[in-house]
Amino acid sequence: MADMLIDEPIDLYEHQLKEAHKNNVSKFFEDLVKKSGVNEDANATTVKVIRKKEAEIKTVDKKLKGQKGLRGFLFFLIIIGFIAGIIFILAAIGTLPIPVMQWLSILIAVLCFLLSIGLILVIALSINKKIKNFQAIINRLEKEKQVLVDEAWKQVAPLNALYDWGMAAYLFTETVPIVKLDPYFDVKRFDYLCSKYNLIPQFDNKTSIEFVQSGEIVGNPFLIVKKLNHHMGSKTYTGSLTITWTETYFDSNGHLQTRSRSEVLHASVTKPYPEYNHDTYLLYGNEAAPDLHFTRVPLGSHKLDEHDLEKLIKKQSHKIDDMAEEAIKKSKSFNPLGNIEFEALWNALDRDNETQYRLLFTPLAQTQLKDILLDNKVGFGDDFYMVKDGMLNKVEPNHFYGMDFSCDPNNFTNYEINKSRQLFNDYNNRYFKSLFFGFAPLLCIPLYQMHKPHEFIYKDVYNYNVSFWEDETMANFMGHYNFKHPESVTRNILKTSVVSSHPGTDLLSVTAYGYKGINRVDYVSVMGGDGRVHQVPVNWVEYLPVDRTSEMAIHVQPTLSRKDYLASLNNQGWNNFLKGKYSNVLFRRNMIAFMCNQNNSYQAKDDSTLDELLKNKSN
């Protein structure tokens, strides 16, 4: 399949790839279990005992809650009893006008007090003891359960150590060999995309890359990107003020009277407010149709029934006809395809090169794309935006927003092998479906698969090891809170720049942009019912920008597995290496990153120290 042209993506996924990938994932996991050497039967037995303990805890906890509920009800009766006793005492001495004989009031009061005292004794001598006993049983069961859980974690530790960052990417390529995914976004791929396909090298400080996955399809490069974006929006704050006044009026008998009135006045102010949102999309570079630009917006056609679909096509057709007439009058290049139904559904009407447009959207491509747009059973239908900007294509499917493409190994670690099996299989099958149907619109265009890029001459030497986009991704994985200004109360946008580079390590400057919040009060004039203007206070927060710059190092280890990295942590040399100079060590996708706690702390000699530490995993 490596050299095959992928056509009819929906049919191929439904009848071949879906099951093939499911089998690949399942086999891969079972091989991991076998390789780890864990005793699955022993783990299943331990987990069974854990579940039994959990059932016991649940049973005792139910009894505990019952006793606590009864105690609460009895406390309520005790309070009622004392209140009732006091009321009847007051009635007996004539303080309260209750029509009950004095001796009877005293008798009822005494009974109420005795009942309350009796209930106190029941709580103290019986219910509290039961509650204490049940809590002690739960504590004992919880400790016994924790011992079992610790044992289960030890049983599966060899398997948990085998999960690695690149597994989902590897399995995707196993199923669809023409799609190759990189271990990480290196500087060569970055240079290739920037120099040849006009990728923007860096964004401003209102955007930060939270995830990037690079790769290629038949030599044509692509990126899967998740961006964090910031813009200054607005927020409406509200406040209120209660006013009172006295007014005079004439009653029904004509007498002048006074009465008190009150009113709650409301006011609001709208102030700047920092807002954040994510974009997740696919960027694909291809030299085919290099002068063509267009934008298509999804119409949600896969959600429509036959009647509404006909209405949509008819409406779009009228729009296309009007555009064609205007193009003739104004000598514009717009010239609709013969397949008006495709034109209506595809909705890419702002293209600027009709010749190259037709090279891409052949009758075969039109048929395949139409199938994708109307599909409401296999894939995700017409849920994607697409922009072609010369040789760079952007596909932004809505279903990308619900998918985590990071393949974090921690998503699979569990003390129960069966649970890990489920997590691993479910995640990788979701990953495959989401990514495949992200590629699907591109795979529908035969020219994109047939076109191989011209040779690109890489530089002999690069000034850094990892792309800027991967730098930001590593910083975000480490956590924006590790870099933020102490006064920042908002999410932070992280931006990186290279300070210096060694053969295996980039030393980076990481600047975190956030906002501190200052409490303010505005007074808004509001007319009250008393005929006067009142100043209603409205509390709001003023957000002022703050930033902080830290240093971070990224050390590249192309062949380092997560298992070997975890084993290296047992090396005492790590503590000697850190010595307060470095913190927040993170391993991800063949790279080790850590914060530098002292300026210019990282030295060239540290590269060899790191390499040596990673070789001697258990010393």
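Reply: Start with salt bridges. A salt bridge here is a side-chain nitrogen of Lys or Arg within 4 Å of a carboxyl oxygen of Asp or Glu. Keep in mind that this is a predicted model.

Me: How many salt bridges does a search of the whole structure find?

Reply: The search finds 28. Take R588 and E470 as a case: their closest N and O atoms are 3.1 Å apart. R588 lies in strand β11 and E470 in helix α12 (residues 468–478), so this pair ties together parts 118 residues apart in sequence.

Me: Is R588 buried or exposed? And E470?

Reply: Buried means under 20% relative accessible area. R588 is buried, at 0% relative accessibility. E470 is buried too, with a relative accessible area of 0%. Salt bridges can also share partners: R51, E54, K145 and E416 are joined into one network that way.

Me: Which residue forms a salt bridge with K370?

Reply: E341 does, with the closest N and O atoms 3.1 Å apart. K370 sits in helix α9 (residues 363–374) and E341 in helix α7 (residues 340–346), so the pair links parts 29 residues apart in sequence. K370 is partly exposed, at 23% relative accessible area. E341 is partly exposed as well, at 30%.

Me: What about the side chains of E326 and K330?

Reply: They meet in a salt bridge, 3.2 Å from N to O. E326 is partly exposed at 34% relative accessibility. K330 counts as exposed at 54%.

Me: Which residues form the negative surface patch?

Reply: D7, E8, D11, E14 and D371 form it. E8 lies in the segment before α1 (9–36). E8 is partly exposed, at 47% relative accessible area.

Me: Last, the overall shape. How do I read that?

Reply: Begin with the make-up: 15 helices and twelve strands. The radius of gyration is 35 Å, well over the 25 Å that the globule rule gives for 619 residues, so the chain is more spread out than a compact globule. Its C-alpha trace spans about 110 × 80 × 55 Å along the principal axes. Of the 619 residues, 48% count as buried.

Terms used. Residues numbered from 1 in each chain as written. Predicted model: local features only at pLDDT ≥ 70, side-chain atom pairs only at ≥ 80, totals over all residues. Heavy atoms only, no water. Patch = residues over 30% accessible without salt bridge, like charges linked within 9 Å, V, L, I, M, F, W, Y side chains within 5 Å. Areas by Shrake-Rupley, 256 points an atom, 1.4 Å probe, with all protein chains shown as cover. Lys, Arg positive; Asp, Glu negative; His and termini not counted. Charge placed at Lys NZ, Arg CZ, Asp CG, Glu CD. Helix = DSSP H or I, 4+ residues; strand = E, 2+ residues; numbered from the N terminus. Buried < 20%, exposed > 50% of the residue type's maximum accessible area, 1.4 Å probe, protein only. Rg over C-alpha atoms; globule rule 2.2 N^0.38 Å.
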